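Please keep the sequence and the structure in view while reading.

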Amino acid sequence: AQLSCLARLLTAKNLTGDFGRYPPDLLLFFDPAKVPVGTCRDFYTRAAHGNLELLPGGSARRRGLLRGALGCLGVQSSRLHPEQLSILGGLVCDMDPESITASDPRVLENLKLCPALTGTQRDALNAVLLGGGTAYGDPSRWDLQTLQSLGPLVLALNQTTLSLVPEAAREAFGRSIAATYSSQRRSQREKSLTLLRAFAAPSASSPHRLRRGADCCLSAPITATTVPDPLLLLRYDTSQQFDLCLSNEVLEANLEPLLEQPLPVDYLWVMKKKLEQIYLLGMPEELLALLGPLSRQYTATEISLWPVTSSSTLVALLNPADGTWGAAQVQQLLSRYLALGGTLTGPLLWKIGGRNLCNAQEEQIDQISPEAIRTAGPLDISSCSQTKKDQLYRKAQEAFAGQAGGTRVYYCRIRPYLGGAPAEDLKDLAGAGIAIDMDVDTFLALNPDELQKLSVMDVKNLLGENLPYLKEAENETSVMRWVQRQSQRELDCALGIGLQGGTGEPSPMGTAPPPHPTTSASVTPTATSPVGTATSPHPTTSATTVPAPTTLPTVPPPITMSSHPATNSSPTAPRTPTPSATSPAPPNTGAPSAAGSPPATSTTQPAPATGPIVPCPIHQSVTPNKATP
């Protein structure tokens, strides 16, 4: 969110031309449509080194970057050549499978840069490897060095490819992964465990496998010396042998280093059973913080007995690197912490994370203060239910109201929570007279029912420079529903991006009465009216043309809001306004269009429309001029 806002600010001040001064991560948030043709190759070469994990896979922005890069390079077919691949870098992570198989085999080096590959992309990658002609040769000739040189691509190898790899190479690779496991970060260990299961193929003549049914330890007992052994999982290759060779005493004294090993779930169950034998009266709190991935094996009922009194214990238990919690488990953890006197502060919410927060009960979210939301940093609440999104939005609205910086800063802070915003607040943002340039991903995350209440001009003003990207999302359900409620003539005239499927008659949204009226081509600004008067903060409908002043009115700062959040418990309860609620819309500084003539366009016109544009009527809403607060 911060990079996105910074990119918009640089664009507004026309400071994006010298992109070489900025880090590649920031370039990912620049508008590809504004990249000059003469420098586009340099731009995409630099942007391709950015961290693509900052953008959701398959998002409109990531697809737009790839499309812009392909256009810059003049790519006319699915096949990409080595020179093109060297420029595209990680941008190929959003390529379709057909382009992967059609491109030069060196596309494999680009795919190593991808945070994750889809199932069809993995299939295409295996097809390239099996097709021959790659630098890695035929899989039947691979050795340990070949597998290591594949790097992250080994995670995408399917059983067809693996079955061709010599068993000696697979086993050697498995041992090399185990040897480096202890030095890896937790985020890599799940991948290592997957690789170990795939590549650690002990010989069929192994005495462990010949005597799998033995009821005694077939190897030397596990000791404090052998616990950190990187080959521990290979030496005790069944959970039964792990159980028989691990004593309770060694486990109690070496719990933490044992949990550093890439242990499968059935091994973790062995450890859980032994801990229950050791701590008959329950585990002490200092032990809970050390459980790591083992903690995920406990039920909500068992968690209800844990002494979670410290925020540091809660944070350690909720560490996402240790695996995913179930909703019931998270709810019980939070209930236990709150019941024992804990509070949900901003820094604690940041460490808990949005995903875990979405698993909390609605009653638990009610206990979060707006101040905690204000100091928590942006939380990803996309996985929350609509009710929880509504709750968190109301708290965020109160948290960020009245702060310095105006509508633009307010939008940047409230953006992660807009999925719970009612239509009237979205209309306030749209009519604030300040360009917020909402990205399409945020737009699609809005409450679908509230989105339907927005007019054509509301949507145009919200998206601003990102309006052309709405065309790419036209098949999204919420967008299709919204288009079907609008007048096709309004869609063509006001948006001009080729959206089809509107009605033949003017939409109710386009002719709605105040407080959100459709304005004429020229409007009477209300900036000179005192805020405290009954004058509407939005432009008033006018049948005549009133000359606009030559200077823009000053947009007042956000008003200070009540410390009590708005609720939906009563239809007459006062609603906490957004900072833009009292901001007058700036006047239209352009000359009015003549009847039957196309409307005047902004100097920051988006990408050319992809559909027919119908001449606009005289009484057409205008987009507020963009001003920098």
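A polar contact is a pair of N or O atoms within 3.5 Å, where, within protein, one atom must be able to donate a hydrogen and the other to accept it, and where residues adjacent in sequence count only if both atoms are side-chain atoms. The model is predicted, so local features need pLDDT of at least 70 and side-chain atom pairs count only at pLDDT 80 or more, while totals for chains, interfaces and linings use all residues. Residues are numbered from 1 along each chain as its sequence is written, and side-chain values use heavy atoms, with hydrogens and water left out.

**Q364**

The side chain of Q364 makes such a polar contact with the side chain of S335, at 2.6 Å. Q364 belongs to helix α25, residues 362-366; helices here are DSSP runs of H or I with at least four residues, numbered from the N terminus. Setting aside neighbours within four places in sequence, Q364 is in contact with Q331, L334, S335, L338 and L344, contact meaning heavy atoms within 4.5 Å.

Buried means under 20% relative accessible area, exposed over 50%, and partly exposed in between, using a 1.4 Å probe and protein chains only. Two residues that count as buried are listed here.

| Residue | Relative accessible area |
|---|---|
| Q364 | 4% |
| D437 | 7% |

**D437**

D437 lies in the loop between α29 (423-430) and α30 (440-444), and D437 has a positive phi of about 50° although it is not a glycine. Most residues other than glycine have a negative phi.

**Helices α32 and α34**

The axes of α32 (residues 456-463) and α34 (residues 488-495) come within 10 Å and cross at roughly 30°, the axes being lines fitted to C-alpha atoms over the stretch in contact, with angles from 0 to 180 degrees between N-to-C directions. Angles under 35 degrees count as roughly parallel, over 145 as roughly antiparallel, 65 to 115 as roughly perpendicular and the rest as oblique, and α32 and α34 are therefore roughly parallel to each other. In their contact, V456, M457 and K460 of α32 meet E490, L491, A494 and L495 of α34.

Of the 8 residues of α34, 6 are buried, so that the helix is mostly covered. The buried residues are Q488, L491, D492, C493, A494 and L495, and what covers them includes α32 and α33 (477-484). At the N-terminal end, S487 caps α34, with a side-chain oxygen 3.2 Å from the backbone nitrogen of R489, and just after α34, G496 takes a positive phi of about 60°.

Note on methods. Helix = DSSP H or I, 4+ residues; strand = E, 2+ residues; numbered from the N terminus.
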